[in-house]
Amino acid sequence: MNKFTFTKLSIPDVILIEPRRFEDVRGFFTETYNKKDFAEGGILEDFIQDNYSFSKNGVIRGLHISKSPKETAKLVRCIAGEIMDVVVDVRPGS
């Protein structure tokens, strides 16, 4: 039984991760990260830091960019409600 669904999107290296939710009368449980499952889904990055922020309705957060040799993989999670996450491929030739 897969705990995650991984969907590769049109921009290379952008993957939509949908965790499976296990529900019963007590509530629910979901695993949000599993190194082995992520690797099998094509995500090989070693996540070192995890941040959590809350934005009020209508807030736009900044564009984040990282360049070699200090590039950073981003893992974006929506806990409740919805987000519009815009990915811009600024690599030459993209």
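Q: In which helix do glutamate 40 and lysine 36 both lie, and how many residues apart are they?

A: Happy to start there, with the reminder that this is a predicted model. Both residues belong to helix α1, which covers residues 35–40, and they sit 4 residues apart, about one turn of the helix.

Q: What joins glutamate 40 with lysine 36?

A: The general idea first: side chains of opposite charge can pair when their charged atoms come close. Here glutamate 40 and lysine 36 form a salt bridge, with the closest N and O atoms 2.9 Å apart. Glutamate 40 is exposed at 58% relative accessibility, and lysine 36 is exposed too, at 56%. Elsewhere, salt bridges with shared partners link Lys3, Glu31 and Asp37 into one network.

Q: How many salt bridges does the count come to?

A: The count is 6 salt bridges. Among them is the bridge between aspartate 24 and arginine 26, at 2.4 Å from N to O. Aspartate 24 is partly exposed at 38%, whereas arginine 26 is exposed at 76%.

Q: Which side chain meets glutamate 23 in a salt bridge?

A: Arginine 21 does, at 3.4 Å from N to O. Glutamate 23 has a relative accessible area of 59%, and because exposed means over 50%, it counts as exposed. Arginine 21, at 47%, is partly exposed.

Q: Where does arginine 21 lie relative to phenylalanine 28?

A: Arginine 21 lies over the face of phenylalanine 28, at 3.7 Å from the ring centre.

Q: Let's turn to rings. How many aromatic pairs are there?

A: A pair of aromatic rings is described by the distance of the centres and the angle of the planes. In this structure the count is 5 aromatic pairs. One of them joins phenylalanine 4 and phenylalanine 38: the centres are 5.2 Å apart and the planes stand at 90 degrees, an edge-to-face pair. Phenylalanine 4 is in strand β1 (residues 4–8) and phenylalanine 38 in helix α1, so this pair ties together parts 34 residues apart in sequence.

Q: Are phenylalanine 4 and phenylalanine 38 buried or exposed?

A: Both phenylalanine 4 and phenylalanine 38 are buried. For tyrosine 33 and phenylalanine 47, the ring centres are 5.8 Å apart and the planes are at 90 degrees, so that pair is edge-to-face. Tyrosine 33 is partly exposed at 30%, and phenylalanine 47 is partly exposed at 25%.

Q: Which residues form one aromatic cluster?

A: Phe4, Phe6, Tyr33, Phe38 and Phe47 make up that cluster.

How values were computed
Residues numbered from 1 in each chain as written. Predicted model: local features only at pLDDT ≥ 70, side-chain atom pairs only at ≥ 80, totals over all residues. Heavy atoms only, no water. Salt bridge = Lys/Arg side-chain N within 4 Å of Asp/Glu carboxyl O. Buried < 20%, exposed > 50% of the residue type's maximum accessible area, 1.4 Å probe, protein only. Helix = DSSP H or I, 4+ residues; strand = E, 2+ residues; numbered from the N terminus. Phe/Tyr/Trp six-rings, centres within 6.5 Å; stacked < 30°, edge-to-face > 60°. Lys NZ or Arg CZ within 6 Å of the ring centre and 35° of its normal.
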